[in-house]
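Hi,

Here is the structure I promised to pass on. Have a look at it first, and then read my notes below.

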Amino acid sequence: MSLLKIQNLKANINGNKILHGINLEINPGEVHAIMGPNGSGKTTLASVLAGNKQYIVTDGTIEFDSKNLLEMETEIRSREGLFLAFQYPVEIPGVTNINFLRVALNEHRKYKGLEPYEPAEFLKLMREKAKIVEIDPKFFSRAVNEGFSGGEKKRNEIFQMAMLEPKLAILDETDSGLDIDALRIVADGVNALKNKNNSFLVITHYQRLLNYIVPDFVHILYKGKIVKSGTKELAMELEERGYDWIKDELS
Amino acid sequence: MAEQENNLIEKLTQSEYKYGFVTDIEQEYSPIGLNEEIIKFISEKKKEPKFMLDWRLRAYNHWKTMKEPNWQKVKYPPIDYQSIYYYAAPKNSSKPKNLDEIDPEIRDTYNKLGIPLEEQKLLAGIAVDAVMDSISVATTFKDKLAEVGIIFCSISEAIQEHPDLIKKYLGSVVPYTDNYFAALNAAVFSDGSFVYIPKGTRCPMELSTYFRINASQTGQFERTLIIADEGSYVSYLEGCTAPMRDENQLHAAVVELFAHENAEIKYSTVQNWYPGDKEGKGGIYNFVTKRGICDGDNSKISWTQVETGSAITWKYPSCILKGNNSTGEFYSVAMTNNYQQADTGTKMIHLGDNTHSRIVSKGISAGFSDNSYRGLVKINKKANNTRNYTQCDSLLIGDKCGAHTFPYIEVENNTAIVEHEATTSKISDEAIFYLNQRGITTEDAVGMIVNGYAREVIMQLPMEFAVEAQKLLQISLEGSVG
């Protein structure tokens, strides 16, 4: 039974057609990578999955854990276990990480019919998860992403992912703007959280990240369509030959 | 997207004002309207000494020579001062000797408002003076405070029992000649709180007054006077609510703070008068004069206000920094929704050397509301080495509201350092999407963002009230998503 099943997905933003019929199936425990040149629709795909209302779905279906994803509000998708690590995490001044995560996590728990965490219990959980992504607990009382460096923001995304324990995590160009050390910390975090029940959709422009987060499948997105799928060797080939080879092959 | 926003705004602004009930008690009124007889009636009702009546009459005669001001940004139809009752009091409520004697209806009212008057039920460490319409109905923890020499009572009681303090301080910070509404207040004020903290005393608990308008067609004109003698400290909080009515009711209060050498007064307000309905009908006109003087060296006055209620809020809690090295602070969150209007800010008047002032103003406008910050920083030519820092932020929610900033800076001494920072922002779709993606609803996301925005001010409130203020902001803002 697949966790995510996208069929013939078409989507617009501001009247521009971006996705032209995407088909993709992800099973529990799998890591899929989506690669593609700038403007191919990678972020659009991530945004549509997460429920960003700026994007209009014009055709196709998305099943998530056997439910109709497109009928769900953004927050329900999250509570159902879909997580998006943002390419550009948003700063929320004055709202502490701890308060933000407590509200978010308790919403998830309420949705599952569980009691909210006791403060002490919650703090303990935060400390445990913080270790995975090497986050200093002093971050807890800082405002969400405010004044964070690029690397800190990305690490904070992975930390939130660790806290929310999604079934499907979409990493939207999480590697962009990261130096090699930050990249390794982020990748180690992801690998530590990976298990046979959860899945990852790793969106990236470069093959570099895939040295650390090894995909089971690689798909090439070009002009709003998946034009080629393969295994991690496909990513290597892309790294070697660039995207022009794909463009030539298609034209 | 736009349609969806509108629906959400509509849905959320339906949230009701939960303090809008009326207490059914027999009220005693003065005759309607205003003339010398009415003032004599009020003074007699309150068994005041002659000096008070004389003062009131002087104020009244001065008021008659004044014109209602019209420079403000807020707009309202002319007020007919002859169609207001200037005195309304729950009948048979000559001040109870102890808290058990309080009329059960009044007790219920305060319980419903979450302000129990039984001392054992009160939040630990907070003394309350409860004022309904024109009179104070209960003051808690009086005896305990008296043990350390602190006077905390209604101003009516202070006029009778501490006339020397009243003569010395009443009108010393806000004279009746100050402005139109201050003159009116001086003529007809009926009750309010009085605090005196003796030398070297740190008030052991938070003091608070809870103002409640109940009667219709009345004005509330309360007067608060706080005196902190040398080296003393007090933290004081006021809260206010009123029933929902179609009419506009006038609330013209005066608050005076007097800080002697090395004294500190912290004054916090959580103002939640009825704001009117979502079409802008009814609500309180909150026209208030609040001013403190840092009279002695090294004294400090700090104003914190969270303003979510009232149809119109029009006030400028101010500090006169007379003592050398004295400090004035103003922290404000003013939230307007629907058709509310606010024109609020502060005045920092630097007279002494090395005086410092800090202004943090956070305006939040939603719906069709209009929100203005108006502030004056004045550095006197004899005041050396003064400093002011002003931060003035506006947050807009939706595209039908307004935010305005009117900073006035008058510097007559070139050793002064005056800084002014201002920002205007909107709640971005990206921020809401980000929080939605973590499982938080749009309503909660807006509440979270707004509370984060206001945090610097909310943090200035005493703990219990900070929590209340956060909830209040969330409730008042419900629906204003943009």
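How many residues does the contact take from chain B and from chain A? It takes 19 from chain B and 33 from chain A, where contact means heavy atoms within 4.5 Å.

Some ground rules: this is a predicted model, so local features need pLDDT of at least 70 and side-chain atom pairs count only at pLDDT 80 or more, while totals for chains, interfaces and linings use all residues. Residues are numbered from 1 along each chain as its sequence is written, chains are lettered from A and ligands numbered from 1 in the order written, and side-chain values use heavy atoms, with hydrogens and water left out.

Back to the two chains. Together they bury about 2100 Å², 65% of it on carbon and sulfur atoms (buried area is the accessible area, with a 1.4 Å probe, that two parts lose on being put together, summed over both). Phe433(B), Tyr434(B) and Arg438(B) supply 36% of what chain B buries against chain A, more than any other three residues.

Arg438(B) also forms a salt bridge with Glu157(A), with the closest N and O atoms 2.6 Å apart. (A salt bridge is a side-chain nitrogen of Lys or Arg within 4 Å of a carboxyl oxygen of Asp or Glu.) The count between the two chains is one salt bridge.

On the chain B side, helices H9 (429-437) and H10 (442-458) each supply at least two residues; helices here are DSSP runs of H or I, at least four residues, numbered from the N terminus. H9(B) gives the most, with seven residues.

Cheers
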